[in-house]
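Take a look at the model below.

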Amino acid sequence: MKLKSWVAAGALFLVSTGAAIAANLTAPEGPVILEVSGEIANLNGDGVAQFDMAMLRQLDWREIETYTSFTTGMQSFAGPTLASLLAAVGAEGDRLNATAINDYFVEIPVADADAHNVILAAEMNGKRMRIRDKGPIWVIYPLSEAEAAKKPFDTEMIWQMNRLEVLD
Amino acid sequence: MKVVQLRPTGRTLRAVVAVGIVGVLIILLLAVRGKLEGEEKRASYVMSSLSWKVSETLLESQKLVTAFVEYEDGAISRDDVIVATELLWSRMDVLQNSEFNTYKELVEAGAALQSFLDRHEEEIYDAPTLQAESVAAMRAELSKAAQTLRAIWIKDFLGDRERLHDTATQDIADARTLFERLILGCVITLAIYMIAEIRGAQQAQVRERALREQALSASEAKTNFLANVSHEIRTPLNGVIGMAQELAETPQTGEQSQMTGVILSSAELLLSTINDVLDISKIESGRLGLDSVAFLPAERIELSAALYEPAITRKGLAIEIGLHCAANQALVGDPLRFTQVVNNLVSNAVKFTEEGRITVGLSCRPLPGSDMIEVQVTVRDTGPGIPEGALTAIFEPFSQADNSTTRTHGGTGLGLTISRAICREMGGDIAVETTIGEGSTFIATFTMAKAAPNDVVASIRPVAQGPGRDLALHVPAPVDMPDVLPEPPQGRGDRPDAETVRSRILLVDDSATNRMVMKRLLKTLNADIDEAESGLDAVERATHQRYDLILMDIQMPGMDGVEATCEIRAHEQASADPERVPIIAVTANVMAHQVNTYLAQGMDRVVAKPVRKTEILDVIGEIKGGVALH
């Protein structure tokens, strides 16, 4: 009973601390790579939360090796998890509207972030992705080679993404 | 035999293989359906995906063109142009990676765009300044490349969609062709199997027919063999019986008389055995050949009883006849075979009964709803009865109730087998009821039609009979015979006397023994007897010499008796003084249809071989107008 209470209290502390930190989102210093809007609690602009590369690197940055149906062979991607980004902006919705530089867009369920360990990849094989390489951000669902062949998330795996809107 | 055993296995195997093929066929069809559905889905995905990729490429090209224009106007920065260039660049590998790498024109158009980017990358990205003239030149070049791509796309997507579709569905077509071939292969295999099966069945049928024919002809050969053998045995037997009879009439010592009696009874037994064996062979080959003439069953029963009366009296038994059937009730059937059954049952009763009585009953019962009559003959004895275990066996060939080697009663054991076959052939059967120590009752049934009022009834008068004589060999005299009888010898000349006017008889037989026997039998007639040893010889003599009577054998080498008779009759017709000589057929072939043939061919009577003296003399007496010549 006692222990549980302590754990709960600790968890509450951590969450409120995180929220407090996020609430004070710093303004980006470098070029803005990603702009988050919609149902979010933490802002650093006019109704939006903007991220430069340095800010993204401060999120839960991961490096994974995976397969996609658009590439040949195993690829290495690096970038923050979608979950950490959503936590940082205090997202309060179920759906995400992801939009690319050229205004291509797709809807992604918020639940996928945890269910599929979705990565907002900014680097591919150790290098920043240029636009021509599907940068600045390619939404990556980690998959085995066999899974990738079935193209289960090809629609959701939007590339050249630079905007994210959190919807109810 | 081996073949017969192996064939069903082979056939089963083939059937299993066929079922297997059908199974494979079904699985293939399902697989094809699934595969084609998948391929179809994939193809349409590829189609729409390609459309998307091309249109995105066109869009990005057009956007870069616009970016160039805006840059010239100073509306956007060089970085914006770079982003637009990057976006177009990002489409390149997508287009080149597409499943449509066989689509050459599209690939070439894509390569042209890639080439544009490669050539101008440095200028757009890295040159110290981006000159308005070169931007205008790039814009013009990119516009042209984009137009080319669009033209190809318009032409192929809209104008040549079929080819596009064919390209997209190439895999499907390949799969479909493969599956179609597989299915065709299965169908052909099945068809071949079915044809083989039908052919096999046909061949089996042919083989079976051949075997059946072979078996039939083998059975026929057996029957013919038996018929020939029995004929060959009957001829010498004729001599034995005839001579023994003659011998019996000569003065003899008691011992000699006894020996003659043994010879005679042995010969009679042998004769009846031969007849039984012949009957069995006919039954087994299904060629009993029943006659169908009107006759009086009651008369036959009485006759049969009369036949065995001496034997019954000799054993100290009594016989009782109960006719529950109108004496003049004429039925249509085979009188000889009917009599044969009755004789067999009565003779068995006599044989196995040591004291008491034998009761023979006849009853007729009309079958409802038809003009058929069920005739029932019961023969009851007071013999030992038949053990239950032997009730079936007594109807089996060569079997008696007492089958031990020391059995007390003789006989072939064929009588009941033959009788039952006859009854069954005549729409009935034989049943037996028996009580050990009290006696047995045999019930023979026949189903026969009522004779029509104008049917000629084959009636028979009782002639002098001896015990053990098989009545089946007696031939009924047709009732219309008196019409064709010749004038008695007295009709010629002045009241002739047997002493002064000797009859002239022609004796025709190829066997010297038979002729000698017959001559002995006819000795009492005191007639002049000429002999002919062939049909031709007989015709020769009969046409040159008047005879009062001809005794004609039937089966002779060269011209047979029937043919000779025809010749003689033809000669009579042609001559100025047509006087008809009586001809008596003397033959072992006395089946009803054979007798009818002889009569139709101009013979007047038929006497069965072996000839009994009383019988031949009686028949001759009848022909001569009822006046016995002896």
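Which side chains meet in a salt bridge at 2.9 Å, N to O? They are those of A:Arg132 and B:Glu121. A salt bridge here is a side-chain nitrogen of Lys or Arg within 4 Å of a carboxyl oxygen of Asp or Glu. Between chain B and chain A the count is two salt bridges.

This is a predicted model: local features need pLDDT of at least 70, side-chain atom pairs count only at pLDDT 80 or more, and totals for chains, interfaces and linings use all residues. Residues are numbered from 1 along each chain as its sequence is written, chains are lettered from A and ligands numbered from 1 in the order in which they are written, and side-chain values use heavy atoms, with hydrogens and water left out.

Now the whole interface. In chain B, 17 residues are in contact (heavy atoms within 4.5 Å) with 11 residues of chain A. B:Glu86, B:Leu87 and B:Ser90 supply 38% of the area that chain B buries against chain A, more than any other three residues. Buried area is the accessible area (1.4 Å probe) that two parts lose on being put together, summed over both. The total is about 1100 Å², and carbon and sulfur atoms give 47% of that.

Helix 9 of chain B brings residues including B:Val341 and B:Leu345 to the contact, and helix 10 of chain B brings, among them, B:Ile418 and B:Ile422.

Technical notes:
Helix = DSSP H or I, 4+ residues; strand = E, 2+ residues; numbered from the N terminus.
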